[in-house]
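Hi,

Here is the structure I promised to pass on. Please have a look at it, and then read on for what turned up.

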Amino acid sequence: MAQRFTSERILTSLLTKHRWIEWAIYTAVLLGIFGPAMADKNAVIGADVDLRGTLWYYWWFKNALLTGGSTEVTELFCHPYGVDIHAQTGGNFVDAVLSIPFQWVFGSPGYYAVFVAALFAANAVGFQALLRTIGVGTLPRMFGTLIWMVNPFVFHELIWGRPTQAFLLFSLLALRSFWKLHQDPNHKTAIWLGVWVGLQGLTYWYAGYFLAFVLGWLAIWLGREAVKRIGVAQLLQMYA
């Protein structure tokens, strides 16, 4: 038992002193998962109809922006009647916008594997930041982030061609801001909380509802201590 605790202290000290080691481990996991696909300019991660819809939507959104066309209605889908994309999918466009630089640099379809890997990396960065903010120690934080990186939900969504649902960075940043808001209530953090919630909703509108449920539960848990410090009225003002 004493030897195990000594090993943990040594590893924790090493990771604290050389923070690049932690990020090198995350990078190695990411490359191990996505490296082969990223190296093949014709590889596309995922399958089924949602993948084809994602690739089409990313191309169409970029084309609409560059040509000054509508980003809500198109006749290129269900021709000649067209489709109201906003009504059909909720107007989720954040990931489509983020994909555009990747399309320019890596071309199609080669950009897609690199883009998906970038979303995956963003999720890991967001989760690591959340654990760091709530005070999780170095070693548990690293292992927690590694487990998060390989969680089955994200893989399931990517396999079926739904990176929109797999991109959870803004939810993680919202949770982080929500925690910080209750530790140090201020309007700046409240504004950032609203920004992250809004961006998650614009990425995938269902995720906005899911996030609201999570934040509602957290408000009951975290709000009790905040109320003691600043009162109910000011806390509700921060939420608003």
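Thr 74 sits in strand 1, which covers residues 73–74; strands here are DSSP runs of E with at least two residues, helices are runs of H or I with at least four, and both are numbered from the N terminus. Thr 74 is buried, with a relative accessible area of 5% (buried means under 20% relative accessible area, exposed over 50%, partly exposed in between, with a 1.4 Å probe and protein chains only). Its side chain makes a polar contact with the side chain of Trp 60 at 3.3 Å. For that term, a pair of N or O atoms must lie within 3.5 Å; within protein, one must be able to donate a hydrogen and the other to accept it, and residues adjacent in sequence count only if both atoms are side-chain atoms. Setting aside neighbours within four places in sequence, Thr 74 is in contact with Trp 56, Trp 60, Gly 82, Val 83 and Ile 85 (contact means heavy atoms within 4.5 Å).

A word on the source: this is a predicted model, in which local features need pLDDT of at least 70 and side-chain atom pairs count only at pLDDT 80 or more, while totals for chains, interfaces and linings use all residues. Residues are numbered from 1 along each chain as its sequence is written, and side-chain values use heavy atoms, with hydrogens and water left out.

Now to the charged pairs. Side chains of opposite charge can pair when their charged atoms come close. How many salt bridges does a search of the whole structure find? There are 3, taking a salt bridge as a side-chain nitrogen of Lys or Arg within 4 Å of a carboxyl oxygen of Asp or Glu.

One of them joins the side chains of Arg 141 and Glu 22, at 3.1 Å from N to O. This pair links distant parts of the chain, with Arg 141 in helix 7 (residues 138–149) and Glu 22 in helix 2 (residues 19–39), 119 residues apart. Both Arg 141 and Glu 22 are buried.

Arg 162 also forms a salt bridge with Asp 50, where the closest N and O atoms are 2.8 Å apart. Arg 162 lies in the loop between helix 8 (152–159) and helix 9 (163–166), and Asp 50 in helix 3 (residues 48–67), so this pair ties together parts that are 112 residues apart in sequence. Asp 50 counts as partly exposed, at 27% relative accessibility. Arg 162 meets Glu 157 in a salt bridge as well, at 2.7 Å from N to O, and both Arg 162 and Glu 157 are buried.

Ile 159 belongs to helix 8 and is partly exposed, with a relative accessible area of 48%. Ile 159 and Leu 51 are 108 residues apart in sequence, yet 8.6 Å apart in space, C-alpha to C-alpha. Beyond its neighbours within four places in sequence, Ile 159 is in contact with Gly 46 and Ala 47.

On a 1 Å grid over the protein atoms alone, a cavity is a set of points where a 1.4 Å probe fits but cannot get out, and a pocket is an open set with protein on both sides within 12 Å along at least five of seven lines; lining residues have an atom within 4 Å of a point. Grid points are joined across faces, edges and corners, and a volume is the space filled by probe spheres set on the points.

The structure holds 1 cavity of 30 Å³ or more. Its lining consists of Val 116, Leu 119, Phe 120, Asn 123, Val 154, Leu 158, Ala 166 and Phe 167. Helix 6 gives the most to this lining, with 4 residues.

The second largest pocket has a volume of about 290 Å³. It is lined by 18 residues, of which Phe 153, Leu 168, Ser 171, Ala 207 and Phe 210 lie nearest its centre. Helix 12 gives the most to the lining of this pocket, with 4 residues.

Lastly, Asn 151 is in the loop between helix 7 and helix 8. Asn 151 is buried, with a relative accessible area of 14%, and its side chain reaches the backbone nitrogen of Val 154 at 3.1 Å.

Best wishes
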